[in-house]
Amino acid sequence: MSPRLSAPNPQLNELGKIKHFLTLEGLKNHHLTEILDTAESFINPNTNEIKKVPILRGKTIMNLFFEPSTRTRTTFEIAENRLSADVASLDIATSATKKGESLLDTLWNLQAMQADMFVIRHAESGAAHFFAQHVAPHVHVLNAGDGQHAHPTQAMLDMFTIRKHKGDVFDLKVAIVGDVLHSRVVRSQIQALSILEAREIRVIGPKTLMPTHPEAMGVHYYDNIEAGLDDVDVIIMVRLQNERMSSALIPSEKEFFKLYGLTEKRLALAKPDAIVMHPGPINRGVEIESAVADGPQSVILQQVTYGIAVRMAVMAIIMSNAAQLAQHKSEQASLELEIDSELESKLDVTQKPTRSEEA
Amino acid sequence: MTELNIDANQLLNTICEKLQSRPIMQKDPKMVGIRTGGAWVAQKLHEQLNMESPLGILDISFYRDDFSKTGLNPTVKPSDIPWEIDDQHIILVDDVLFTGRTVRAALNEIFDFGRPASVTLVTLIDRKGCRELPFQVNVTGMEIECHKTIKVSGPDPLLVSLVEHSEEQA
């Protein structure tokens with residue numbers, strides 16, 4: 001595609017590789033597959049252990065959490081430590097911004113502390129994009145959840161979990177049950193599943209928790225969970241986002257469980273080897289029955305472990321792409337220099353011996 | 001440029017003979033091959049020496065010293081060391097010892113797993129004269145000068161050929 005015909009994706013560098021990780025929108029299958037493959041290389045296939053590696057030694061990563069989070073923040077910190085980066089986590093909700101400092105001043109101050117990457121969680125949609133627009137060229141931004149917009153690393157760890165259990169996302173039937181309207185996780189999951197060409201994506205839940213036109217996202221809507229779960233390979237449960245609901249959209253949690261809660265009986269409608277996922281935190285007895293959450297088809301805790309490897313992969317790839325871009329630019333520069341000096345000294349005919357590959 | 005085939009089996013036999021006379025062979029040593037070429041060689045040696053404990057594989061991609069230049073190796077896979085490294089006598093196998101940088105990376109990774117009792121370095125070929133780090137091989141199949149290039153392909157059959165450049169031709 002000609003760069004003139006389309007606005008450049010702010011997430012990609014001049015070589016079309018990921019520079020910031022803000023959303024899955026606009027990314028290609030190969031970008032996602034590279035993340036999944038790289039994540040695989042961090043996990044010992046026999047023990048599921050994730051070993052510490054030295055590739056980001058000397059790099060500083062700052063976690064800026066403007067919104068509370070336990071799981072995401074902790075797995076990011078562990079992932080950063082396993083890559084040997086220097087890590088600083090800032091609970092911004094309780095710091096400088098409270099003293100009247102603007103977001104940009106905070107950002108520039110942290111950048112002056114030699115940050116190479118920011119991991120940002122914010123209650124406002126678009127916060128990570130805003131940061132990405134204002135950071136220095138060598139600094140990278142990773143979205144750890146912004147408002148109702150996107151949570152791309154969560155979606156990628158879900159894809160990784162599916163791939164681990166089903167071999168491939170391609171050709172699977174996936175049902176997402178619950179609060180689709182308020183969930184940034186679901187938005188990113190639907191994008192990821194579409195990019196990786198899942199056969200069918202279904203969303204299940206009451207109309208009040210759905211966008212006006214769910215079909216516009218390329219999904220099939222079911223208000224009846226029994227019909228929606230029929231013959232699916234993967235069930236993703238999401239919690240009610242009470243903190244993002246401005247009015248009562250469901251009669252009660254009890255009522256919700258009665259109509260949409262995942263029980264053993266309902267799980268039996270899916271394929272016998274279907275897996276049950278949940279991005280957490282789970283609300284037992286609201287969207288999922290304990291017998292299912294702790295049952296043999298549940299992969300909820302594996303998702304958490306895989307989250308470390310997937311976040312390591314995203315950060316490693318971003319830094320790797322930056323290194324390759326810098327190398328590419330310096331090669332271009334030296335090529336131009338060579339051409340210049342060749343023109344200047346046409347008499348010089350000595351040639352360097354070609355260096356061939358070492359075995 | 002000339003290309004000369006080398007009998008890989010003969011190199012493997014030479015290494016096995018030399019290894020068998022070493023005292024560590026009586027101490028239940030553990031063998032580790034460096035992916036990719038080193039793993040092929042290690043597989044053959046492991047079989048030929050009838051070693052009891054399973055073969056370990058190291059992928060040193062995350063330990064290379066040129067990440068800031070070349071980035072990640074897209075074919076990186078997890079290392080697989082199926083036993084504890086602590087207090088073990090390790091036989092570290094690679095196809096070619098050249099600059100020594102791969103061995104540096106491999107040793108760093110091994111020491112991240114634990115503290116071995118000893119490490120013996122075995123390579124099919126020692127490409128001498130261009131070392132950039134102070135390493136030397138303990139057991140090797142053959143030595144060549146570093147202006148010659150070696151091509152190793154495998155795993156089955158394991159093929160080794162010598163590529164000779166002469167600067168005058170360039």
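Reader: Is B:Asn50 buried or exposed?
Author: B:Asn50 counts as exposed, because it has 6 C-beta neighbours inside 10 Å. The cut-offs: buried is 20 or more other C-beta atoms within 10 Å of a residue's own, exposed is 12 or fewer, partly exposed is in between, and C-beta atoms are placed from the backbone. Keep in mind that this is a predicted model: local features need pLDDT of at least 70, side-chain atom pairs count only at pLDDT 80 or more, and totals for chains, interfaces and linings use all residues. Residues are numbered from 1 along each chain as its sequence is written, and chains are lettered from A and ligands numbered from 1 in the order in which they are written.

Reader: Where does B:Asn50 lie?
Author: In the loop between helix H2 (37-48) and strand E3 (56-58) of chain B. Helices (H or I, at least four residues) and strands (E, at least two) are DSSP runs, numbered from the N terminus.

Reader: What is its phi?
Author: B:Asn50 has a positive phi of about 55 degrees, and it is not a glycine. Most residues other than glycine have a negative phi.

Reader: What about A:Asp231, what is phi there?
Author: Near 65 degrees, so positive again in a residue other than glycine. A:Asp231 is exposed, because 11 other C-beta atoms lie within 10 Å. It sits in the loop between helix H7 (225-229) and strand E8 (234-237) of chain A.

Reader: New topic. Which peptide bond involving B:Pro155 is cis?
Author: The one joining B:Gly154 and B:Pro155, with omega about 0 degrees. The bond from B:Asp156 to B:Pro157 is cis too, with omega near 0 degrees. Most peptide bonds are trans.

Reader: Where is B:Pro157?
Author: In the loop between E7 and E8 of chain B. B:Pro155 lies in that loop as well, between strand E7 (148-153) and strand E8 (159-164).

Reader: How many helices and strands are in chain B?
Author: Four helices and eight strands. From the N terminus, the order is β-α-β-α-β-α-β-α-β-β-β-β.

Reader: How much of chain B is buried?
Author: Buried residues make up 40% of its 170 residues.
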